[in-house]
Amino acid sequence: MAKNNARKNIARLPTGKPENVGFFKRFAFAFESVFIILITAGSLWLTRLLDVPEFVRQLSSQQQHWRLDEIITLASVTVLGLLILLTRYSLYLRKKIQQQFIAEEEIKRLAFFDSLTNLPNQALCHDRLQHALSRAERNSTPIAVLFIGIQDFKAVNDKQGHEGGDKLLQQAAKRLSSELRSGDTLARITGVEFLIILESMSPTEDINAFAAKLIVKLAKCYRIAMQEMYITSNIGIAVYPNDGEHSKELIKHADTAMCFAKEQGRNSLAFFSKELQEQVNTKKKIAEQLLDAMDKEEFTLHYQPIVSTASNEIIAVEALLRWHNDLLGDLAPDVFIPIAEEIGIITKIGDWVLNQACLQNKSWQQQGYPGLVIAVNMSVMQLSITDLSSTVADSLAASHLEPQYLELEFTENTLMKDAKQSIVQLRQLSTLGVSIALDDFGTGYSSIKYLAKFKLNKLKIDGIFIKNIPKSAADVMATRAIIALARQLKLHITAEGVETAEQREFLAVSCVDSMQGYHYSRPVDAKAFALLLKSPPWLQTPQELD
């Protein structure tokens with residue numbers, strides 16, 4: 001694509017406090033006018049003392065056709081004064097018009113352009129898109145709207161401050177501008193969101209290639225205050241006329257596609273479609289029902305046993321959240337938990353799960369069952385709370401559960417979201433005496449360097465590695481490598497997703513400490529789990545099962 005020239009910046013006026021103008025300076029033109037009038041009047045008065053008419057007559061006597069009298073003389077002086085006054089007024093008026101023009105241009109700039117990047121803002125973007133749609137309708141040409149969301153910007157602000165964040169946005173805007181053709185529009189919609197209007201675009205493949213090129217360009221290194229910074233982005237694309245015929249509709253659909261791309265991972269893009277819209281509508285319904293789920297007592301906990309490899313006895317249990325809604329039915333946790341995180345209620349739900357799990361474990365102990373460690377999954381939003389250790393301590397105190405019977409599970413991605421903060425939080429939790437487990441190991445982006453720094457007690461191998469064992473040689477090698485690493489770190493090892501006797505035998509030979517999965521039991525409610533504690537099926541003989 002041909003590159004376009006940068007737009008000329010409109011002259012800016014100072015945006016600080018208004019200047020404190022004095023009385024005489026404010027009315028300078030009025031004083032000047034009075035002064036000129038006084039000079040003119042004085043000149044008229046001096047004509048009497050100096051006998052100017054007589055002087056003029058003597059001059060005019062040399063020309064026979066001149067007939068100047070005293071009235072003409074006085075009029076000449078008056079006209080002279082008026083000319084001086086009009087000249088001064090014209091200069092003053094010209095200056096005022098220039099100032100007013102600059103002020104109007106500045107008002108337009110503030111109303112229609114972003115002050116940081118000098119790009120069109122949301123209002124001007126809507127106007128340009130509307131005009132582009134009118135041209136496209138007349139010429140029967142498509143228009144592509146690209147909604148660009150910048151990710152990881154908070155990390156830049158935290159490290160470089162707002163000034164560093166502003167510089168990064170300016171550099172990102174320049175990179176985007178350099179890829180546009182003449183006639184295309186780049187606008188800054190919100191703080192970290194940009195929008196591009198591409199007119200007369202050819203097929204979808206060209207749009208896809210162009211968007212992918214933008215993602216690559218934005219992902220390159222930024223130099224801010226002598227430091228290297230990186231960001232990621234996601235792009236949603238809506239195309240006229242298939243995805244909408246009005247500006248607001250196209251922007252909304254492009255935004256929807258961008259949010260979907262964000263869910264797919266960093267540096268990804270997505271085109272809007274009817275199927276995607278259906279997913280968004282379903283997600284919206286789930287979010288609406290989630291807001292009232294706790295008040296309606298729709299959440300329950302199910303429990304899955306964790307079995308010792310050596311003794312085949314239940315040594316721990318994992319509490320798993322379940323949700324049944326009258327309108328939506330039963331929803332899987334991997335469906336509603338990400339939505340709960342987005343709408344900001346996951347912390348409230350997480351606190352409820354923690355309290356209920358502690359109460360239930362204490363209840364089993366009071367019923368005479370052997371002490372079990374109950375594992376509770378923690379979200380990234382819970383880990384970001386500064387007083388998480390206090391919340392856990394309150395739950396233990398309210399249930400009278402001893403801390404050694406509680407285990408908190410964190411995924412790799414949760415801990416690596418802010419590794420340094422996670423180290424601080426895990427140390428505080430460890431002082432309470434609770435156990436810390438790294439869940440779903442092998443599926444995230446954890447660093448070996450940080451694994452040693454986290455106060456971990458247990459490592460759980462994700463079921464994705466166990467699923468194809470022993471048939472998959474690659475999974476066998478990966479699982480053995482994870483087990484070796486955990487042994488070096490002196491961590492208890494639990495294998496998740498154990499479904500067959502073959503998998504159990506392989507893991508037992510590989511010296512895994514404990515296992516959980518459908519081979520032993522599916523997650524069940526509290527009453528059914530009490531029956532498992534009384535008589536585990538995997539310990540019974542065929543005659544006892546009959």
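I count a salt bridge when a side-chain nitrogen of Lys or Arg lies within 4 Å of a carboxyl oxygen of Asp or Glu. The model is predicted, so I take local features only at pLDDT of at least 70 and side-chain atom pairs only at pLDDT 80 or more, while totals for chains, interfaces and linings use all residues. Numbering runs from 1 along each chain as its sequence is written, and side-chain values use heavy atoms, without hydrogens and water.

**Salt bridges**

I searched the whole structure and found 16 salt bridges. In one of them, Glu 179 meets Lys 213 at 3.1 Å, N to O. Glu 179 sits in the loop between helix H6 (153-177) and strand S2 (185-190) and Lys 213 in helix H7 (residues 204-219), so the pair ties together parts 34 residues apart in sequence. Helices (H or I, at least four residues) and strands (E, at least two) are DSSP runs, numbered from the N terminus.

Glu 179 also pairs with Lys 217, with the closest N and O atoms 2.7 Å apart. That pair links parts 38 residues apart, with Lys 217 in helix H7.

Is Glu 179 buried or exposed? Glu 179 is buried, at 3% relative accessibility. My classes are buried under 20% relative accessible area, exposed over 50%, and partly exposed in between (1.4 Å probe, protein chains only). Lys 213 is partly exposed at 43%, and Lys 217 is partly exposed at 24%.

I noted Arg 181 with Asp 184 too, at 2.8 Å between the closest N and O atoms. Asp 184 is buried at 5%. Elsewhere, Glu 318, Glu 409, Lys 460 and Glu 496 are linked in a network of salt bridges.

**Cores**

I define a nonpolar core as buried Ala, Val, Leu, Ile, Met, Phe, Trp, Tyr and Cys residues joined through side-chain atoms within 4.5 Å. The largest has 75 residues; Val 392, Leu 406 and Phe 529 are among those with the most contacts inside it. Its largest share, seven residues, comes from H11. A second, separate core of 32 residues includes Leu 169 and Leu 218.

I then checked the contacts of Val 392 (heavy atoms within 4.5 Å). Leaving out residues up to four places away in sequence, Val 392 touches Leu 354, Leu 406, Leu 408, Leu 429, Leu 432 and Val 434.

**Helix H11**

H11 covers residues 346-366. Its 21 residues should span 30 Å at 1.5 Å a residue, and its end C-alpha atoms are 30 Å apart, which agrees. The expected span is 1.5 Å times one less than the number of residues. Buried residues in H11 include Leu 354 and Trp 364. Just after H11, Gly 368 takes a positive phi of about 100°.
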